[in-house]
Amino acid sequence: MEWKYDDIGDECERFLGPYGYGGVQVSPVNEHAIMDGRPWYERYQPVSYVIQTRSGNERQFRRMVERCNRMGVRVYVDIVLNHMTGGQQGFGTAGNRFNGHEQQYPGVPFTPEHFNGPESCPTDNLEIIDWDDPVQSRNCRLFGLRDLKHSLEYVRQKQIAFLNKLIDIGVAGFRCDASTHMWPEDLKNIFSRLNNFNVQFFPPNSRPFIYHEIIYYGGSGINPNEYISLGRIIEFRFWKEITNVFRGNNQLRWLRNFGTEWGLIDGTNAFIMIDSHDLRVGHNGQLGFNINCFEPRLLKAATAFMLAWNYGIPRILSSYRWKQIIKDGKDLNEWVGPPTDLFGNIISVKINPDKSWNDEYWICEHRWRQIYNMVRFRSIVGDEPILNWWDNGDNQIAFSRGHSGFIAFNLQKSNMNIIDNNNTDNNDSLELRQRLQTGLPAGTYCDIISGDLNGNHCTGKTIIVDENGLADIYIGHDESDIFLATHLDAKLSK
Ligand code: LM2
Ligand code: CA
């Protein structure tokens, strides 16, 4: 979120590639409104399709894409097709003037006839009022944002040209913002007219990977199924249910059949997350019901579950630091943008020789050992099934991924520093101490959460698996992490 392209290029080479990340999603790349105080969400108010933001210009973007592709790290761009700015006027990040009141965007250009108005949006103030009504949801304004009319060939062509430009530069796909607010037929038209990929970086006839933001928690609203033929769906019920469990509102043992049996879409259509640019500050969810970087122990555990479970394609947020001010369950600083110098330039991520970084500015969740080691876990276990499920009937669970990986969690309620849910079970056994089936071949393995395999020894805990796949598993109540994990590549060679 909000990184500069030069920094992302560096990070692809020095970390994301070497540590096995498959791709990186970047914040919206096109010109957007410059708003007072420079909130992060100004990037969701497009002014034109010129590639220029505080993250960098087109030249820097191109260089980043090339460097990341060379490392096998694909670039996914967050695209905002639904709307332009809200009802204000000013300048965009590439210097183009705009006037939201008059719906004038000369940098494209878009003029009033390119927007939905009273002829297509039935509400008096042109705002979405009934979010379950498909006509309002698609043709009216989302928080006052001027709503483009995608049925017009002219609008489609402008957006297709922008997306094709990104494809020709070498991006691998798109996160489609606010998909719920666009007609599936219009999106289908736009996406079917995109170019095949740049053969400099991809096999012939490759097509973009697209994932849609469809905020759906069940009920009568617009159903994600309408978009399944258009790419993956960001499954919001995934973060909601997992957050609910890890916050202690539901027991871990119920996760045994987590997925379609909980009403989620099929995992092969799903794109998943625990935290996001919105969720971290309580947008698209209620604050007090998210897990962000200010609760690292909880964030690592919930993220590890996401990465260990065989469902969907996962994404991790890597964010900047801001000063949280919680009042009445809301973060008053929810708007705060990325760290900048006195001139408003985004501060670079700086990596020190000991691999630490300027964490007063950048959180770098992707550089947390517990997270990048679980990314590795996921690629090692591949499609192997969940096997050897164990639970204690409460908040301790363990499972293997076939015969390639094993993970255990100890989230007995009094173990976590979480919102008090008034449940002080006194027979809560705080420790996890069990002989469990790991599914793994016999040998000595390193726990990749408390440490690493380094040379031929473990810097953290070891897990000794016997001829039958059994191992003594211990997770105390006061450890820095509430889980442990291992896999075939973390096995000592005797
Ligand atoms: C998304 N989901 O559909 C993004 O994930 C979300 O981050 C975007 O909202 C939203 N689409 C529109 O692209 C963010 C932010 C909003 C913000 C908008 C536009 O969550 O709070 O709205 O970007 O910048 C802001 C103000 C809002 C105001 C609006 C229009 O917060 O109060 O509404 O601008 O001026 C009057
Ligand atoms: Ca719309």
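This is a conversation about how to read a few features of a predicted model.

Biologist: What should I know about the model before I start?

Modeller: The model is predicted, so local features need pLDDT of at least 70 and side-chain atom pairs count only at pLDDT 80 or more, while totals for chains, interfaces and linings use all residues. Residues are numbered from 1 along each chain as its sequence is written, chains are lettered from A and ligands numbered from 1 in the order in which they are written, and side-chain values use heavy atoms, with hydrogens and water left out.

Biologist: Let's take helix 6. Which of its residues are buried?

Modeller: Two terms first. Buried means under 20% relative accessible area, exposed means over 50%, and partly exposed is in between (1.4 Å probe, protein chains only). Helices (H or I, at least four residues) and strands (E, at least two) are DSSP runs, numbered from the N terminus. In helix 6, the buried residues are Phe236, Arg237, Phe238, Trp239, Glu241, Ile242, Thr243, Val245 and Phe246. That's nine of the 11 residues in 236-246, so helix 6 is largely enclosed by the rest of the structure.

Biologist: And what do the buried residues of helix 6 pack against?

Modeller: Contact means heavy atoms within 4.5 Å. The partners are strand 9 (209-214), strand 10 (232-235), strand 11 (270-272), helix 7 (296-308) and strand 17 (405-410).

Biologist: Now sheets. In what order do the four strands of the open sheet come?

Modeller: Two strands pair if DSSP finds at least two bridges between them. The order is 15-16-17-24, with antiparallel pairing. Strand 15 (386-391) and strand 24 (483-487) are the edge strands, each pairing on one side only. From one strand to the next, the twist averages 10°; angles run from 0 to 180 degrees between N-to-C directions, and axes are lines fitted to C-alpha atoms, for helices over the stretch in contact.

Biologist: What packs on the sheet?

Modeller: Helix 7 does, touching strand 15, strand 16 (396-401), strand 17 and strand 24, and its direction makes about 145° with that of strand 17. Helix 8 (residues 369-381) packs on the sheet too, touching strand 16, strand 17 and strand 24, at about 40° to the direction of strand 24.

Biologist: How many bridges join strand 16 to strand 17?

Modeller: Six, with the two running antiparallel. Phe399 stands opposite Ile407 in strand 17. Strand 16 and strand 17 form a hairpin with three residues between them, and Gly402 in the turn has a positive phi of about 55°. Strand 17 also pairs with strand 24 in the antiparallel sense, over five bridges: Phe406 is opposite Thr486, and Phe409 has Phe483 as its bridge partner.

Biologist: Are the faces of strand 17 covered or open, and which residues tell me?

Modeller: Both faces are covered: Gly405, Ile407 and Phe409 are buried on one side, and Phe406, Ala408 and Asn410 on the other.

Biologist: On to the metal. What are the protein donors of the calcium ion (ligand 2)?

Modeller: Donors are N, O and S atoms within 2.8 Å of the metal (3.2 Å for Na, K and Ca); water is not among the atoms, so sites may look incomplete. For this calcium ion they are Asn82 (OD1), Arg138 (O), Asp147 (OD), Asp147 (OD) and His181 (O), lying 2.4 to 2.6 Å from it. The sequence spacing of the donor residues is N-x55-R-x8-D-x33-H. Both Asp147 and His181 are buried.

Biologist: And which polar side-chain atoms lie 2.4 Å from ligand 1?

Modeller: One belongs to Glu213, facing a nitrogen atom of ligand 1, and one to Asp278, at an oxygen atom of ligand 1. The side chain of Arg175 has an N or O atom 3.0 Å from an oxygen atom of ligand 1.

Note on methods:
A polar contact is a pair of N or O atoms within 3.5 Å; within protein, one must be able to donate a hydrogen and the other to accept it, and residues adjacent in sequence count only if both atoms are side-chain atoms.
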